[in-house]
Amino acid sequence: MSVTYIDAIREAQAKLLREDPRVFLYGQDIATFGGAFKATKGLAEEFPGRVYDAPISEDAMIGLAVGAAIEGMRPIVEMQFADFSSVAFNQIVNQAATHFYRTGVPVPLTVRLPSGGTPGSGPFHSQSMESIYAHYPGLVVLTPATVTDAYHMLLDGVALDDPVIYCEHKFLYRWLKAKSINGEHLPIGQARITRPGKHATVVAYSAMVHEAIRAADRLQEEGGWEIEVVDLRSVKPLDMDTVLASVARTGRLLAVGEAFPWGGVTAEVVARVAAEGFHLLDAPPMRLNARDTPVPYHPKLWAAHRPTPESIAVAIRQLLSF
Amino acid sequence: MNSGSLAFRVPELDVKPFADEAFLNRDYLRAAFRSMLRARVLENKLSSLYKAGKIVGGVYLGRGQEAVSACLGAALIQGKDFFAPLIRDQAGRDAFGEPMIDCTRTYLGSVLGPMRGRDGNIHRGRPKNGMPAMISHLGAQVSLVAGMLFAKRQKGELAGVVGATCIGDGATSTGAFHEGLNLAAMEKLPLVIVIANNQFAYSTPTDRQFACRDLVEKARGYGVAGHVVDGTDLLACASVIGNAVKRAREGGGPQMIVAHLLRLSGHGEHDDGSYVPDTLKAGHYGRDCLEIAIQQLVAQGYATAEEIQTWQDETAEEVQRAVAQAQQEPTPDPFTEDWRALSTRFS
């Protein structure tokens, strides 16, 4: 008996609907159909009047959620794909994100973003938007990489009084399994050392945690290198204490992300380590991201667009050889 | 520079008053008119303060739109309804119950105001009192009000509640307007949207904004009840807007009112509005709704000229007090400001 990453997301929503009358779900095709990825399968039947099909109006979906949150509800909005949240960008960054600072009234809403690439999905069903939203003040941005985190971080995110961008990785939906959803429960804002090591630190989040672990395993096999992998879990807030403590042990840093390379989470991590922990570094800190093109359709191109265990291993070798 | 060749879309109105004339009553008309007057007196003062360099940023007046705005605000019930005003709704804000000091404190940057210097001018509100604070991106409040109503429905508290918002002719071109109104109609929410067609979006005339004959034609497309009113006519506004609110309150679904009028100022006080043709200013919609309202109230016996003068004098004093108080209050201090955008305090 195992639980998948998407099972965890569904179970978290079921628990929220069961236990908190303020929660409702709003999104395209999420009611009877159960969602494009079945993250809400059966919930409309189990919780009548709590799960709604939305019109194809991402802007209005978030506007509705902000208004409902002002009035005391805890809406969870499913964007069918993270990519489509660009249509709701204004409501997210200007309406939701500014609301507490401007008015003193928090808007507790959660936007679920099915994120990241899968083979064949192409430029408009593959994007990783976490860096975009993390850039704006007033948003919490979560990037769970494990089944347990997918479950607990959705529960914990909905419990926050602030707007939460919950980036769930589509590649992990059915591929990632665990024995139970009740693994180690860390609070939002705390990173996890997924794989301890001493020769270099790889900071990753979301699906890239698993690619980084594979790369670390290879380096272990080929040279006995002990690579530490840090899973950020939430990119905002960003747990620099854990990252800096790791770099203090290893002296070397590689930040890996699936998003586009200009700016973003990996740039932020490297910039902060360089600024706050320059004396800890034995080698120039490195970044590895997707390529600076739209996400390509063909599986062969897609696999070479994002960081892979191979490309991460190449980067780690370079880092170790300095 | 403005030729007469611009095809201004100022229709001849065929306003059919609602059969129910419940809103043509003394109390409602006097309340709406007093808010019109209070808005005008206050905004004249704000304009002077701006020109004297006492207000940083912009000043945006509702001159020419007071009848429309006040009739909406006066038809709503604070503590029960929602009202998301836009740029030119000082009169509606006042009628809904916003204290004048909220306005002067926000314009003058008092830290004691609802926005505490973090936002200014018309970007103010008290969301927990049913008045959200607008963002500058036009159309964005439509779905937000729909969401407030949706929450009421989820809580089983929607009966008899109305959510209203105002918008201009320019904002009807936004995607947010379309998405929000379509969603509100699909959800069958008691949303009232008042479109002030004031002929210009900043400087852009309506023939560069839309191609339909009259914006009210859009109501049919959304499945929303549509109404047209002469926005310079207080009695017409009272009848049409008041009754549209009543219909929404009684379960008649979303209502759209298109009020035709002319903006009697620039976009803001930095703008002299010189692009508005004289022919338009001299036409029917160039007339001042406040002057028309005074004539109507006196002629119909709803108020006397002496009463109106007294109200004006009282308002002038109240404005002086509200400005003086806000000017004496502390402005924000960057050293003690809480520079945090989240309410959550992560350890």
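Domain bounds here come from an automatic or database domain assignment. The model is predicted: local features need pLDDT of at least 70, side-chain atom pairs count only at pLDDT 80 or more, and totals for chains, interfaces and linings use all residues. Residues are numbered from 1 along each chain as its sequence is written, and chains are lettered from A and ligands numbered from 1 in the order in which they are written.

**The two domains of chain A.** Select residues 3–178 of chain A as domain 1 and residues 192–320 as domain 2. Their C-alpha centres lie 26 Å apart. The contact between them takes 25 residues from domain 1 and 22 residues from domain 2, two residues being in contact if their C-beta atoms, placed from the backbone, lie within 7 Å. On the domain 1 side, select α5 (130–135), β6 (140–142), α6 (147–159) and β7 (164–169) of chain A, the elements that give two or more residues to it. Helices (H or I, at least four residues) and strands (E, at least two) are DSSP runs, numbered from the N terminus.

**The sheet.** Next, display the open sheet of five strands in chain A, with the order β9-β11-β10-β13-β14 and mixed pairing. Strands pair if DSSP finds at least two bridges between them. β9 (192–195) and β14 (286–288) of chain A stand at the edges with a single partner strand each, so one side of each has no neighbour in the sheet. β9(A) pairs with β11 (residues 227–231) of chain A in the antiparallel sense over three bridges; here I193(A) stands opposite V230(A).

**Two loops.** Select S206(A), in the loop between β10 and α8 (208–223) of chain A. Its phi is near 55°, a positive value in a residue other than glycine. S206(A) is buried, with 29 other C-beta atoms within 10 Å; a residue is buried if 20 or more such atoms lie within 10 Å of its own, exposed if 12 or fewer, and partly exposed in between, with C-beta atoms placed from the backbone. Then move to P237(A), in the loop between β12 (234–236) and α9 (240–250) of chain A. The peptide bond from K236(A) to P237(A) is cis, with omega near 5°.

**The core.** Finally, select V194(B) and I241(B), the residues with the most contacts inside the largest nonpolar core, which has 209 residues. Such a core is a set of buried Ala, Val, Leu, Ile, Met, Phe, Trp, Tyr and Cys residues joined through C-beta atoms within 7 Å. Domain 1 and domain 2 of chain A both give residues to this core, so it lies between them.
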